Amino acid sequence: MPFLDPAPYEALDRAPARAETAAAFGLDRERPWLITVAMMRDGAKLASFMMLGTALARLKDIPFRLLVVGDGPARKEVERALGGASTVFLGERGEDAIARLLGAADLFVWPAVGEAYGMALLEAQASGLAVVAGDGGASFIVRDGRTGLLTAPRDSGAFADAVRRLLADPVERAAMGA
């Protein structure tokens, strides 16, 4: 299994990271922030972004912001899939910046379509975030019901329901993150 040094993620103080992120990107600190970190390329990554867009479109009744960290050749397609007032595209960032962004967010979301193993899932968990992910390779990292929620692969309805559940229950979300 790949190694992840958790120190850059665990050492962050959430309140200052959230305040800095809110100020830098004009975000409402009271609104929940979902975050995803991934390369924007064709294939499984683009399929995950597309599914994420479909799932989050089912949550229009919930006020949240989606922070998207990453860039790549499929950026235009990703922007079309996730576009909207609730999405903030942050581009490619270094490890320290990603650690701060993860530390500021409320919930990590990634459908993980066709993914064998996701380092971003490890980074999110090291940051104390609960995770919603598609089952498959993510099950090597996310313990369903304990550190996050896993949904059936490519099931955008179940994914949306899992995100809704954790956004509605900050106590459960925090327990999973811990």
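This report describes the fold, the surface and the salt bridges of a predicted model.

Local features need pLDDT of at least 70, side-chain atom pairs count only at pLDDT 80 or more, and totals for chains, interfaces and linings use all residues. Residues are numbered from 1 along each chain as its sequence is written, and side-chain values use heavy atoms, with hydrogens and water left out.

**Overall fold**

The protein contains eight helices and six strands. Helices (H or I, at least four residues) and strands (E, at least two) are DSSP runs, numbered from the N terminus. Their order from the N terminus is α-α-β-α-β-α-β-α-β-α-β-β-α-α. The radius of gyration is 15 Å, close to the 16 Å that the globule rule gives for 178 residues, so the protein is as compact as a globular protein of that length. That radius is taken over C-alpha atoms, and the globule rule is 2.2 Å times the number of residues to the power 0.38. The C-alpha trace spans about 35 × 35 × 30 Å along its principal axes.

Of the contacts with a separation of 6 or more, 62% are between residues 24 or more positions apart; a contact means heavy atoms within 4.5 Å.

**Surface and charge**

Buried residues account for 52% of the 178 residues. Buried means under 20% relative accessible area, exposed over 50%, and partly exposed in between (1.4 Å probe, protein chains only). The accessible surface is about 8,200 Å², and 52% of this surface belongs to carbon and sulfur atoms. Areas come from the Shrake-Rupley method with a 1.4 Å probe; for residues, only the protein chains shown count as cover.

The protein has 20 positive and 23 negative charges, and their mean positions are 5 Å apart. Lys and Arg count as positive and Asp and Glu as negative, while His and the chain ends are not counted. Each charge is placed at NZ of Lys, CZ of Arg, CG of Asp or CD of Glu.

**Salt bridges**

Side chains of opposite charge can pair when their charged atoms come close. The whole structure has eight salt bridges, each defined as a side-chain nitrogen of Lys or Arg within 4 Å of a carboxyl oxygen of Asp or Glu. The table gives some of the pairs.

| Pair | N to O distance |
|---|---|
| Lys45 and Glu115 | 3.5 Å |
| Arg164 and Asp61 | 2.9 Å |
| Arg75 and Glu79 | 2.7 Å |

Lys45 forms a salt bridge with Glu115. Lys45 lies in helix H3 (residues 44-57) and Glu115 in the loop between strand S4 (107-110) and helix H6 (119-126), so this pair ties together parts that are 70 residues apart in sequence. Both Lys45 and Glu115 are buried.

Arg164 and Asp61 also meet in a salt bridge. Arg164 belongs to helix H7 (residues 156-168) and Asp61 to the loop between H3 and strand S2 (65-69), so the pair ties together parts that are 103 residues apart in sequence. Arg164 is partly exposed at 28% relative accessibility, whereas Asp61 is exposed at 55%.

Arg75 and Glu79 are four residues apart in helix H4 (residues 75-82), a separation of about one helical turn. Glu79 is partly exposed, with 31% relative accessibility. Elsewhere, a network of salt bridges links Arg14, Arg18 and Asp106.

**Positive phi angles**

Ala112 is not a glycine, yet its phi is positive at about 55°. Ala112 sits in the loop between S4 and H6 and is buried at 6% relative accessibility. Arg154, also not a glycine, has a positive phi of about 65°. Arg154 is in the loop between strand S6 (148-151) and H7, and is exposed with a relative accessible area of 61%.
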